[in-house]
Amino acid sequence: MGLPKWLMLAFLFAMLAAAEQLPRCYRGVVIHLAMSPIEDYTTPSGEVIPGFKSCVRLGDDVEADAIRNCFDKAQTNAVRLYKDGLLIVNASGLIAGAVRYSAAAAAGCASVADYSGKLILPGLMDCHNHFPQIDMEGAFGGDLVGWLTGYTFKTEARYIDPNYAKANAVRLFNMLARSGTTSGLFFNVIFKDAVAAFFEEAKKRNVRMISGPNGMGTCGDP
């Protein structure tokens, strides 16, 4: 005698709900910030490598290399490199951790995207850039004044056009996405609409940017 349809459906929905709670995982060369002290590592040859005695610990026989923060006296944070790792992302979309890849670890994932041999790393940070200068990269000016008057000021003046500014904001954030940059500090322009376009595009991409209207010039918005 078969199970009632309602019971089969209830069982199916329970399985689907449980699957939704399982993490999504990504296999590859994982670089991960570990929020715990680095433990000592024993190589296959039996050599014990202390976790707290060198800023960089690298070697072909080390499966989980580590780079610790030399300025962190408590050694609570460290960057781990797993040559064959598994990045674990929970049901809320947050990184839950990273481990060495194994069939047992992968079995606990709802899915495993295989990027073996490719880097999986935190978003990069650009600490100094200029939003309006993407059209003049590599422009030769001889000296600073010649470069500013010949290229920079003319290029930045075009951002008075909101449509031009919006189009270039899209271009800029496409460029950042291609390079894996998710945070940055950007000099902007003196035009409010252009600055707004920059932040609107940053919000769409869910990236973190520090910027604002430039406090210079005499031809901008009051």
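Tutor: Helices and strands here are DSSP runs, helices of at least four residues and strands of at least two, numbered from the N terminus. The model is a predicted one.

Student: How many helices and strands does the chain have?

Tutor: The chain holds five helices and eleven strands. Of its 222 residues, 30% count as buried. Among contacts between residues at least 6 apart in sequence, 62% link residues at least 24 apart.

Student: Which strands does β10 pair with, and how do they run?

Tutor: Take β9 to begin with. Strand β9 (residues 124-130) runs parallel to β10 (residues 181-187), and five bridges join the two.

Student: What kind of unit do β10, α5 and β11 make?

Tutor: With helix α5 (residues 192-205), the strands β10 and β11 form a β-α-β unit, and the unit is right-handed.

Student: How do I read the packing of α4 against α5?

Tutor: Packed helices are described by two quantities, the angle between their axes and the distance between those axes. For α4 (residues 162-178) and α5, the axes come within 9 Å and cross at roughly 35°. The crossing is right-handed. Residues making the contact include Pro 162, Lys 166, Ala 169 and Phe 173 of α4, and Asp 193, Ala 197, Glu 201 and Arg 205 of α5. By class, the contact residues divide into ten nonpolar, one polar and four charged.

Student: Is Glu 201 buried or exposed?

Tutor: The cut-off for buried is under 20% relative accessible area. Glu 201 has a relative accessible area of 8%, so it counts as buried. Glu 201 is part of helix α5. Leaving aside residues up to four places away in sequence, Glu 201 touches Ala 169, Val 170 and Phe 173. Lys 166 is 35 residues from Glu 201 in sequence, and their C-alpha atoms are 8.1 Å apart.

Student: Is Asn 206 buried or exposed?

Tutor: Exposed means over 50% relative accessible area. Asn 206 has a relative accessibility of 69%, and therefore counts as exposed.

Conventions
Residues numbered from 1 in each chain as written. Predicted model: local features only at pLDDT ≥ 70, side-chain atom pairs only at ≥ 80, totals over all residues. Heavy atoms only, no water. Pairing = 2+ DSSP bridges. Right-handed = clockwise from strand over helix to strand, strands pointing away. Axes fitted to C-alpha atoms, helices over the stretch in contact; angles between N-to-C directions. Left-handed = near helix turned anticlockwise from the far one by under 90°. Contact = heavy atoms within 4.5 Å. Nonpolar A, V, L, I, M, F, W, Y, C, P; charged D, E, K, R; others polar. Buried < 20%, exposed > 50% of the residue type's maximum accessible area, 1.4 Å probe, protein only.
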